Amino acid sequence: MHQEAITADQLTPSGQLRHLLHLRGLDRRIILDMLERAQSYVRPLDQVPARDDCLAGQTVANLFFEASTRTRASFELAAKRMSADVLNLDVNMSSRKKGESVLDTIYTLQAMGVGIFVIRDASAGIPALIATRVEPHINILNAGESDVSHPTQGLLDILTIRQHKGRLDNLTITIIGDIAHSRVARSLTEGLAILGDNDIRLVAPPGLEPDPALYPGTRITDDVDAAIETADVIVTLRIQKERIKEKSGLMTNHEYLKAYGLTAKRLERARPDAIVMHPGPMNRDVEIEGSVADGPQSVITQQVTNGLAVRMAILATIARR
Ligand code: CP
């Protein structure tokens, strides 16, 4: 099913955020407010986590029709820390396995009082389709949509960049990997385009290049060493093998590390204070050398921490509208 063409309004008639489906075209003020709110929820890990009871009495359902660790766990924790009732549907044991459609699943849970749906799906267009069909009081949050959109990942990546660089413009940001299938690259570049003017370099191996029309204002190349030169931020991405039908042309792990992986040697080309990011899950010693993932320039675990704060901020934003 290819339903990317379905569009849904993310805002209420008064201009407040109702659904979060993608970052494309979102009001700059809404994004900046969510980043501020997320920052206010960040705590050192040895301190008591932030809490906010703004979702007391509300019910959040996490419907992940595709695998997830970070996004699913952080949405669950975020909802619980905001005092919501939380339902995690076990999709493999649900009536979808008996042929029930995703919309009928949503209507069923809507009838039980679920008001906020967090949805990950392998098909493009599903979050927008649902957003056009639910009752006016319902909120839909996109937790990863095929190769199209992952707006909460985009926001947590942007928050992490701002924490380290103190700004969101005039940066050189290099994204390396399977850009063709990356919803992470899509959402990050869509969000950055709203917030500032940056030199964004996309490095993809042959066959995994993105459609340039989806990445206006970026430079697409296969020259990884040149693209890392003087970078402030390097984002590494895994190859999304689950979205690639013909795998016979893919490089071996060792070949990939040599040709496109972020090794300690390659990282020397970037600015000395460059940060290294990865949305996870990562394949060590394939797209990123293990020592780089664990090294002093890596902010990968901070991305995870920020993911929880960002998801709390999004829940608070829709709850307080
Ligand atoms: N980055 C990300 O979406 O990770 P998960 O698939 O583990 O949620």
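Q: How much space lies in the second largest pocket?
A: This is a predicted model. Its second largest pocket holds about 260 Å³ of space.

Q: And which residues lie nearest its centre?
A: The second largest pocket has a lining of 16 residues, and Thr189, Glu190, Ala193, Tyr215 and Pro216 lie nearest its centre.

Q: Which helix gives the most to that lining?
A: H6 gives the most to the lining of the second largest pocket, namely five residues. By class, this lining has seven nonpolar, five polar and four charged residues.

Q: What about the largest pocket, how much space is there?
A: About 340 Å³ lies in the largest pocket. Its lining comprises 19 residues, with Arg120, Arg183, Arg238, Gly280 and Pro281 nearest the centre. H2 and helix H6 (183-195) are the elements that give two or more residues to this lining.

Q: What is the split by class there?
A: The lining of the largest pocket divides into five nonpolar, seven polar and seven charged residues.

Q: Changing topic: what surrounds the ligand?
A: The residues around the ligand are Ser68, Thr69, Arg70, Thr71, Arg120, His150, Gln153, Pro279 and Gly280.

Q: Which side chains have an N or O atom 2.6 Å from an oxygen atom of the ligand?
A: The side chain of serine 68 has an N or O atom 2.6 Å from an oxygen atom of the ligand. The side chain of threonine 71 likewise places an N or O atom 2.6 Å from a ligand oxygen atom. In glycine 280, a backbone N or O atom lies 3.0 Å from a nitrogen atom of the ligand.

Q: How much of the ligand does the protein bury?
A: The ligand taken alone exposes 250 Å², and the protein buries 92% of that.

Q: Now the cavities: how many of 30 Å³ or more are there?
A: The count is one cavity of 30 Å³ or more. The largest cavity has a volume of about 80 Å³.

Q: Which residues line the largest cavity?
A: The lining consists of Arg70, Ser74, Gln153, Leu156, His278, Pro279, Gln303, Val304, Gly307 and Arg311. Three of the lining residues are nonpolar, five are polar and two are charged.

Q: Which helix supplies the largest share?
A: H11 does, with four residues. Helix H2 (70-81), helix H5 (151-165) and helix H11 (300-319) each supply at least two residues of that lining. Domain 1 and domain 2 each provide at least three residues.

Key. Residues numbered from 1 in each chain as written. Predicted model: local features only at pLDDT ≥ 70, side-chain atom pairs only at ≥ 80, totals over all residues. Heavy atoms only, no water. 1 Å grid on protein atoms, 1.4 Å probe; cavity = no way out; pocket = protein on both sides within 12 Å on 5 of 7 lines; lining within 4 Å. Points joined across faces, edges and corners; volume = space filled by probe spheres on them. Nonpolar A, V, L, I, M, F, W, Y, C, P; charged D, E, K, R; others polar. Domains from an automatic or database assignment. Near = heavy atom within 4 Å. Polar contact = N/O pair within 3.5 Å; in protein donor to acceptor, adjacent residues only side chain to side chain. Areas by Shrake-Rupley, 256 points an atom, 1.4 Å probe, with all protein chains shown as cover.
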